[in-house]
Structures are given as structure tokens and as C-alpha cells.
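Q: Hi! Could you walk me through this protein? I'm new to reading structures.
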Amino acid sequence: MPELPEVETVARDLQHSVAGATIVHAHVSWDRTIRHPQPPERFVAEIEGATILRVSRRAKTVLLHLEDGRVMTVALRMTGALIVAAADADPDPYVRVVFSLADGRQLRYRDVRKFGRIGLWPGGGLRSVGAGRGSRSRKVAEGARRYRIGEVFSGHGPEPLSRTFTVGRLAERLGRRSARLKSLLLDQAFIAGVGNIYADEALWRARLHPLRRADGLADGEVRRLHRAVRQVLREAIANRGSSLRDYVGADGEPGANAERLAVYRRTEQPCLRCGTRIERIVVGQRSTHFCPRCQPLPVASVPS
Ligand SMILES: [Zn+2]
């Protein structure tokens, strides 16, 4: 599943390739890909004629900001991809939505497993999202009224690469939680954009056991975790993301970060730091990889 670095790569690619482009027509071949507005015919009617001003990312979602202030969200989920193609490019049975651009190209939404969702929302409220202290999750009820884009993300935690995500802020958030570090890093209400790959990588780099209790970290450990989370995400963005299965950038090419992963899916292989064999455990139903020597579990932290 694409995480923050992969989605950031797609957004940056699209900023280069489709910012300024106008969508003249949309064709939806799998209705459930369209989350909002309903029905999909309404989405098609509302997106036609829209010009893409710029492309960004929030959490694991691509945001296409339209010139009129509205925002189109593309959540890639498991296998979604946004690919720019020539109008005469070969047809692809896995393309669920085609946006025909005024310059003759197509922006194709391809999704083998069909879990991804596309929405079109009124603008506003995005800046304040994740800035507050609350991590209370609020479900967006479709249809009742027009939710602004900010409200779509109201249940998400802070962006780990933002300037406001400081060590102090992380310490304050960790201190209020008794959850295990691995589970907390995967919790999108706690921190946005981190998934299974980068949670394991960050914990290895910070030399913290995945089952450590969040409120049991010493100040130095919080600083290590803060630095590690940001480093692994930044490095993965620089490598255009990790392609383990279906992820590709908007150029259709896989990212180069997979071979640089230190622990993720390296069970039984030697730790790059100490040579000990990497172990795999299951935390909250997710595969978790760590070095038992570099990432010891203090007795006080052993789950009862
Ligand atoms: Zn080690």
C-alpha cells in the first residue's frame, strides 16, 4: 500500500505534468471508485471544465487543487495509481476513471483491486487540519451536506514532515498514550501518512522495540523516534518511494527505495547494524520486523 513517500512522489510528478491542465471530460468505468459527489454522473458533470491549479498531498491522499477552489481527492489505497498517458496510449482494463485533458493527454486512474476512492469537495479548512491537539476521529457522512475538504481530513493527525511537527509535539502526544509504538505509528489519527513499511523502518533506526509503550519513552528516545520518522520518510521520497507490489509513480515507473529498506520484510536476514537476524512478530494483525539486539524490550514494557 502506498504510504506518505509514495503518494508524495505521485503528487510531485503530477504537479510537473498536469498543473495548469484543464479536464474536458471524465469517464468512469467503475462507479464505486467515486466517493463524492454521488451519483458518479454528478461527479462527471461537476469535474468537466475544471482546471488543475496545483497538486499536493495530505496523509496518504493526492489532492488536485482546482482553479475555482474545489479540491479533488484521490486515495490510492492498495493498488491505485495516477498515470499521465497520451490519448492514443493502449487501452488498459484496470483503468477505472479517465480524465481527458484539453491538450489531448489523459490522466488515468488505474486500480487493479479497486479499493481506491476519488472525491470532489468544496475548498477550505485544510490548513487547520491536524494542527489541533485532538485526535478524535470524525466520520464524514456522505450526502447529508457538502463537506469542505478540511473536514474530510478532520480525523487525521499531524503531517510528520511539517514544520509544526516538533519533538515537543511528538513527546506531548506520546505521553498521553499507553499504546504500543508500532500500533500508534500506524494510527492515522496519531500521525498521518505512516504505514507498515515506514513504521518498521523508523523504529529500527530509532532503536526502539515495536512493543514499547508510548508513555514509557525517555526524552532521548522520543528525540530519536522523531528524527528517525522524518529521516526514513525524506529518504524514501528522495528515492521516489518503495515499490514492493503495485506502486508506480505518475510516470508509470516503480520507485527505488525497496532495496534500501533495513528491516521491512528482511526476516532472518542479518541486521545492517549488528548482524543479528531480523525477527518478525505480529502486532495488531500487522507483520512487524525488528532487530532483537538493537531494539531490546525493557522488562517494564513486556506486554502482560
Ligand atoms: Zn541489530
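A: Happy to! One term before we start: a residue counts as buried when its relative accessible area is under 20%. Also keep in mind that this is a predicted model.

Q: Okay! Is Cys 294 buried or exposed, then?
A: Cys 294 has a relative accessible area of 13%, so it is buried. Cys 274 is partly exposed, with 26%.

Q: Which residues hold the zinc ion?
A: The protein donors are the SG atoms of Cys 271, Cys 274, Cys 291 and Cys 294, which lie 2.2 to 2.4 Å from the zinc ion. Along the chain, the donors are spaced as C-x2-C-x16-C-x2-C.

Q: Where do Cys 274 and Cys 294 sit in the chain?
A: Cys 274 is in the loop between α7 (219–238) and β10 (279–283), while Cys 294 is in the segment after β11 (286–290), so this pair ties together parts 20 residues apart in sequence.

Q: And why is the arrangement around the zinc ion called tetrahedral?
A: Because the angles subtended by the 4 donor atoms are 100 to 112°. The ideal angle for four tetrahedral donors is 109.5 degrees.

Q: New topic: which residues touch the most other members of the largest nonpolar core?
A: Phe 43, Ile 47, Val 62 and Phe 99 do, in a core of 32 residues. Helix α1 (residues 4–18) gives the most to this core, with 5 residues.

Q: What is Val 62 in contact with?
A: Leaving aside neighbours within four places in sequence, its contacts include Val 7, Val 10, Leu 14 and Met 72. Apart from that core lies another one, of 30 residues, with Leu 203 and Ile 237 among them.

Note on methods. Residues numbered from 1 in each chain as written. Predicted model: local features only at pLDDT ≥ 70, side-chain atom pairs only at ≥ 80, totals over all residues. Heavy atoms only, no water. Donors = N, O, S within 2.8 Å, 3.2 Å for Na, K, Ca; no water. Tetrahedral: all angles 85-135°; square planar, octahedral: opposite > 155°, others 65-115°. Helix = DSSP H or I, 4+ residues; strand = E, 2+ residues; numbered from the N terminus. Buried < 20%, exposed > 50% of the residue type's maximum accessible area, 1.4 Å probe, protein only. Core = buried A, V, L, I, M, F, W, Y, C linked by side-chain atoms within 4.5 Å. Contact = heavy atoms within 4.5 Å.
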